[in-house]
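Visitor: I would like a close look at a single part of this model. Please keep to how the pieces pack.

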Amino acid sequence: MIHEEDQGIRECVGFCFGQFSEYCQPEFLWHHQEVIPAIGELLGDSRISVQAVACYAMEQFLENLQPETVAPYSEAIMTRLLQLSPSSSVSVRERVLGGMASVAISIEDAYTPYL
């Protein structure tokens, strides 16, 4: 479904990731090796609505992970989020900040290089 061309389906996939992250814990969080890269791919979508829902999903997913789980992904996540910042709509930039905050909370002191 991540590779689906239809914008609506990609938005729904991102929204489902966010909802599963919020309500299906801790079981859904155990799949971080598959979920984080999938959300990262949605972040790279050219459509603003998909980017916004991907930021929401990333924020929700990272919120409850331990620092040692998030740390290996932090550079890739921050790179994707920073790529969205300057060129996206205001709503996406707001979500990007939420995603960055989730990374900061998740990896704690290891966030310093991104400041």
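Visitor: How many residues does the largest nonpolar core have, and which of them have the most contacts inside it?

Guide: The model is a predicted one. Its largest nonpolar core has 32 residues. Those with the most contacts inside this core are F17, I36, I39, F61, L62, I77 and L81. At least two residues of the core come from each of α1, α2 (32–43), α3, α4 (67–84) and α5 (90–107). The largest share, eight residues, is supplied by α3.

The packing around α3 can be taken one partner at a time. Helix α1 (residues 7–23) and helix α3 (residues 48–62) have axes that come within 8 Å and cross at roughly 15 degrees. Angles under 35 degrees count as roughly parallel, so α1 is roughly parallel to α3. The crossing is left-handed. On the α1 side the contact includes F15, F17 and G18, and on the α3 side V53, Y56, A57 and F61 are among the residues involved. By class, this contact has seven nonpolar, seven polar and three charged residues.

The other partner is α5. The axes of α3 and α5 come within 8 Å and cross at roughly 20 degrees, and the two helices are therefore roughly parallel to each other. This crossing, too, is left-handed. Among the residues that meet here are A52, C55, Y56 and L62 in α3 and V96, G99, S102 and V103 in α5. The contact divides into eight nonpolar, five polar and two charged residues.

L62 deserves a separate entry. Leaving aside its neighbours within four places in sequence, L62 is in contact with I36, V70, I77, S102, V103 and S106.

Key. Residues are numbered from 1 along each chain as its sequence is written. This is a predicted model: local features need pLDDT of at least 70, side-chain atom pairs count only at pLDDT 80 or more; totals for chains, interfaces and linings use all residues. Side-chain values use heavy atoms; hydrogens and water are left out. Axes are lines fitted to C-alpha atoms, for helices over the stretch in contact, and angles run from 0 to 180 degrees between N-to-C directions. Helices (H or I, at least four residues) and strands (E, at least two) are DSSP runs, numbered from the N terminus. Angles under 35 degrees count as roughly parallel, over 145 as roughly antiparallel, 65 to 115 as roughly perpendicular and the rest as oblique. A crossing is left-handed if the near helix is turned anticlockwise from the far one by less than a right angle, and right-handed if clockwise. Contact means heavy atoms within 4.5 Å. Ala, Val, Leu, Ile, Met, Phe, Trp, Tyr, Cys and Pro count as nonpolar, Asp, Glu, Lys and Arg as charged, and the others, Gly among them, as polar. A nonpolar core is a set of buried Ala, Val, Leu, Ile, Met, Phe, Trp, Tyr and Cys residues joined through side-chain atoms within 4.5 Å. Buried means under 20% relative accessible area, exposed over 50%, partly exposed in between (1.4 Å probe, protein chains only).
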